[in-house]
Every structure is written in structure tokens, then in C-alpha cells.
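Subject: Handover of a structure for your attention

Dear colleague,

Please find below the structure that I am passing on to you. My findings follow it, beginning with a single residue and then widening to whole chains.

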Amino acid sequence: MSLDDLYRRVIMDHYQQPRNRGQIEDGSITVDLNNPTCGDRVSVQMRVKNGIIEEAMFEGEGCSISMASASMMTETVKGLDVERAVYLVDLFSRMMQGEEIDTEEFPLEDIEALQGVAKFPARIKCATLAWKALEKGAKESAN
Amino acid sequence: MSQYIKDFPILDQQVNGNPLIYLDSGATSQKPFKVIEAVETYYKTMNSNVHRGVHTLGSRATDAYEGAREKVRRFINAGSTQEIIFNRGTTTGLNLVASSYARENLKEGDEILISPSEHHSNLIPWQQVAKVTGATLKYFELEPDGTLDLNKAKAAITDRTKLVAIAQVSNVLGTVFPVKELAGWVHAKGGVIVIDAAQSVPHMKVDVQDLDCDFLAFSGHKMVGPTGIGVLYGKEALLNAMEPIEFGGEMISTVGLYDSDWKELPWKFEGGTPIIAGAVGLGAAVDYLESIGMDTIDAHDRHLVAYAMERMGELEGVSMYGPRKDRTGMVTFNLDTVHPHDLATVLDAEGIAIRAGHHCCQPLMRWLEVTATARASFYLYNNESDIDRLVAGLKKAKEYFGNVFR
Ligand SMILES: Cc1ncc(COP(=O)(O)O)c(C=O)c1O
């Protein structure tokens, strides 16, 4: 097990300079999730119009993996339709279980750096937290 | 104390290519051969249900189970085995006191007094009692170093205080709280004291008669015993007046169609088939700890904490929480801006197991103004060289994150 598999430079970059961190002024949906076993907390906000996620932002506290993953997630889902976003959440959790992901289907970009998390079972929950929040928010927007 | 390491088979292994250094005994301790073998022998030679069968195995199991109760009684110097209730652990014991004693005896206008440093299991039950009975939940004021000021604590206990609940040793700060003094003050006002001894009984001599506590709860798994077994001590008169909260087999005397009555103590609080193998293992754990001596263990654990605080204090960027002295069992800390989970992962790669997170103490985390901390906790099988490895690991983590953060 090599730490460098986990702490890739891109991850530390997102951790230190998170993208889309803050609040949406007219955010229509807010989902707060925490990981009760470790105390990580994330609040994902999204504005959905006509089934499209126009804006996604997050706030929270946690380790480098959870915060970097949240940052990458908001970058990825902006502009996607809700169904596609929910589908990506599924792909992402499968990737965290160690499954190979078809990059034609899911252009990973920075997220690729999170693949190493699969080798650290104790940290998978950190990486999936913000995506779980996204999924919940996306499903709420459909109601 | 390094001679005891060989008693713990689990410690003899490599984790991630390094010899395992287990610094998470505050969460659960490791188990010596003696305990593992006692459980195995029980299952191999005497397993059967207790207090039921007329057959030979039945009486062997009963003797082993009740024998363990006597060992525990002697270990904490309770007056009688009637005062020793076996259950699942600290959480279950505290919940029994809350659901039975406190719900029956507290009412609006009464106050429950606890510390902001309590583990969730000695906090939420009292929140629930307050909601149900209308009693008010109040908190002691902690000093900045995580101790109680004796004068303030004494003044906080008033005629309204019907119940004080506090850990004898905090599982985050390591503070040893003055429970004997608190017991005296709360008794003078007519209330009772409930002690969470999860982190004290494993590390020091606890004498319930000397403390004069009304209730005291602890867990076998933190004192080299098996998981799934714990103890609630309660004063006989209080336990006698309390109603059980679990009803069924084992705890009844006579059962009618519409009414039943209960066995005598302690069995009235042990509904269902008890945790027989767990109790037997706990008895072996008590024997093991006594063979070393609780005073020896106490001195060792306090020494390790002092040594760790000294060595870790030499590292730049380490903040440690809790008092400088009168503490045992653990050091809780943060390193620069490295998140404790990230720190724990780096140390794990070195074979060093520590805990990271809120340690089931969310209100205390808020009081400390942190979201999470790292904790290294120690026991009889740890020694100074483990702490040296920890310090080396911390240096490595500093370097590692120093580089990736750049
Ligand atoms: C101070 C304190 N109280 C209560 C508990 C709960 O113990 P258990 O989980 O064995 O019921 C713990 C253990 O985590 C503890 O450290």
C-alpha cells in the first residue's frame, strides 16, 4: 500500500483550493450529510432547472479525501441532467469498490485521481459522502 | 512492562509491512491468551445454559458464570454479588440506570448534572430522561485544560441536583475526574452519582465502596476481556427498588396470566440467556489484570501518557488537548492542519493504529473548537518504544503532507 496512490497531487490541489465552495444565493436544494462515525460533514447545494443541474456548490468539514471529492463532484455535475448525475453517482461508488470504469461512459478527468481510494477501505466513505448528497438532492429535485 | 506483550497474540504481526503498534486501546483493548483460552475452554468443556439444566454441564456453566461475577465483585470491591449486573457494556449499563432509576425518580424541577466531556453514551440517555420526565439537564463548567474546578463543581451541585453522571476518566481528554469528592457533595444534597468507568476500570484500582458511588458502569472489552460483556454496579438498596426494563426468561420468579414477579438481584436485571462465555472471559481478564496488579498498570499507563506528551510536545505543530497532569490512558492531539483521518492513514501505513474522529464526543469537540482529533491510547502492552515509533510516524506525516501541500 503506497500513500502516493491515495494522496495524488490533484487531490491535494482540490483540498487546498476547493472549487465551487460556498453557497448558492438562490439554491433550490440543500442536502446536509455527515458521516457519523468520523464526523465529516458536507452540505451540497444545487439549483436544478428543467431537469438540468445549473449550479452545484458545497460546504463542509472533513479530511482531504472527502473535501477533494466534493470539489470534484461539483465540477463534474454542473450542466448535467439529473438522471445522468444519478447515474454517475452509481458509477462513482462502483469505482470506489474497485471496479474499472469505462471512461468513454464517464470521462473521469480529475476524478481519476480518486481511484486509489479503493485500496484504502477505511476511506471509501470519505470519498462517497458528497456524491451521496448529490444523489439525494438530485432525487429530491425530481419530486 | 514489555514482558506482557507476548501474552497478546494479535500484537505479534506485521501491518502494512511494519510491526503492528496498537495505540487504540481506548476504543477496545487486545486480549491475552488467558482470556481467549478461557472462552475456548468454556465452549469446549462446559457450554450449556445457566440456572436451568439439572444436568452436569448446566451446573458447570452456572458455576463459571457466577464465579465470574464473584471475581468482578472482588475486583471493584462491591459489598455483594447482588450488586453486580452483567450486561452488554457501559452503554447498556448507563441506559438501564437512565430508563429505570432516573425515569422513575426524576420529575420536573429536578436537575441532572453532567460534564460537557461525556461520551455520547453518558449524555444521550440523560437528554432522553430530561425529555420524558421534565427534569433539566445541566452541565458542569470545564476549565480550559479540561478539568473541573473543585469549588465551582461543588457549587454547581444544589438541592435540585438529583443525579450527577460523569466519566471517571474522559475518553478524549484523559482527565481523571474527582468522582469521590463529587459523590460526597451530591449525597449531601440528596442526589445520586452515576459513574461511567469505561476508561477507568481498565487502568486503575476502582473501589466502589471507597468512592461511595451509587452506580458504576464499565465494559469488558476495554479491560482485556471479550466484546459483548459489561458490568453495571449499583447499590443494593437502589437496585432493589428499581424495576427491570427487560422482561422474559431468567429474570422471573413466578409468572401468572396477568401478573408476574421478579427474581432477586442481580438476576432480575438479566432477562434472557445471559452472556455466559463473555462473563467467563471477563473473569479471566480480571484474573489476568490482578496477576499484574492494578497499581502497576496504573503507574505504567500514566507514565506512558507523560512520556508521550513530552515527546510529542517536542514536535512543532502538535496541539494536545486536556490537562498536563492527573490524566491517564491517552493523548488526544492534532498535527498542524493535517486532518486526523489523513494522519491516521499515514500512520496506518507505518503499522501504527490510532483513532481519528470525534470519539463519540461531539459536544466536547465543539467545546475544543475542533471538528475531529487524533487519539493515541495506551495500555499495559505498550511501551516507550511504541511512542518513539509514533513520534517518528508523526514526523513522517509532517514531511509527507509538507510535500504534497506544497
Ligand atoms: C468514556 C466512555 N464511556 C462509554 C463508552 C461506551 O462503551 P461501550 O461501547 O463498550 O458500551 C466508551 C467507549 O467507547 C467510553 O470511552
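The place to begin is Thr128(A), which sits in helix 5 of chain A, a helix that spans residues 124-142. Please note that the model is predicted. With a relative accessible area of 8%, Thr128(A) counts as buried, because the cut-off for that class is under 20%. The side chain of Thr128(A) reaches the backbone oxygen of Lys125(A) at 3.4 Å. Once residues up to four places away in sequence are set aside, Thr128(A) touches Phe92(A) and Met96(A).

Two asparagines of chain A deserve a remark on their backbone. Asn20(A) has a phi near 55 degrees, a positive value in a residue other than glycine. Asn20(A) belongs to the loop that runs between helix 2 (9-16) and strand 1 (29-35). Its relative accessible area of 17% makes Asn20(A) buried. Asn50(A), also not a glycine, has a positive phi of about 50 degrees. The loop that holds Asn50(A) lies between strand 2 (40-49) and strand 3 (52-61) of chain A. Asn50(A) has a relative accessibility of 78% and therefore counts as exposed, the threshold being over 50%.

Chain A as a whole may be summarised as follows. The chain contains five helices and three strands, and their order along the sequence is α-α-β-β-β-α-α-α. Its radius of gyration is 14 Å, which agrees with the value near 15 Å that a compact globule of 143 residues would have. Along the principal axes, the C-alpha atoms of chain A fill a box of roughly 45 × 30 × 25 Å. Buried residues amount to 49% of the 143 residues in chain A. Of the contacts in chain A with a separation of 6 or more, 60% are between residues 24 or more positions apart. Chain A has an accessible surface of about 6800 Å², and carbon and sulfur atoms account for 43% of that area. As for charge, chain A carries 16 positive and 25 negative side chains, with 4 Å between the centres of the two sets.

I turn now to chain B, for which the count is 13 helices and 17 strands. The radius of gyration of chain B is 22 Å, close to the 22 Å that the globule rule gives for 406 residues, so chain B is as compact as a globular protein of that length. The box filled by the C-alpha atoms of chain B, taken along the principal axes, is roughly 75 × 55 × 35 Å. Of the 406 residues in chain B, 58% are buried. Contacts between residues at least 24 apart make up 71% of those in chain B that join residues at least 6 apart in sequence. Chain B exposes about 16000 Å², with 51% supplied by carbon and sulfur atoms. The 39 positive and 51 negative charges of chain B have mean positions that are 1 Å apart.

Apart from its neighbours within four places in sequence, Arg88(B) is in contact with Gly228(B), Ile229(B), Gly230(B) and Ile275(B). The C-alpha atoms of Arg88(B) and Lys44(B) are separated by 23 Å, the two residues being 44 positions apart along the chain.

Is Thr90(B) buried or exposed? Thr90(B) is buried, since its relative accessible area is 5%. The side chains of Thr90(B) and Ser219(B) are joined by a polar contact of 2.4 Å. Leaving out residues up to four places away in sequence, Thr90(B) touches Asp196(B), Ala198(B), Ala217(B), Phe218(B) and Ser219(B).

Finally, there is a peptide bond in chain B to record. Leu265(B) and Pro266(B) are joined by a cis peptide bond, for which omega is about -5 degrees. Pro266(B) is located in the loop between strand 12 (260-262) and helix 9 (276-292).

Yours sincerely

Methods: Residues numbered from 1 in each chain as written. Chains lettered and ligands numbered in written order. Predicted model: local features only at pLDDT ≥ 70, side-chain atom pairs only at ≥ 80, totals over all residues. Heavy atoms only, no water. Helix = DSSP H or I, 4+ residues; strand = E, 2+ residues; numbered from the N terminus. Rg over C-alpha atoms; globule rule 2.2 N^0.38 Å. Buried < 20%, exposed > 50% of the residue type's maximum accessible area, 1.4 Å probe, protein only. Contact = heavy atoms within 4.5 Å. Areas by Shrake-Rupley, 256 points an atom, 1.4 Å probe, with all protein chains shown as cover. Lys, Arg positive; Asp, Glu negative; His and termini not counted. Charge placed at Lys NZ, Arg CZ, Asp CG, Glu CD. Polar contact = N/O pair within 3.5 Å; in protein donor to acceptor, adjacent residues only side chain to side chain.
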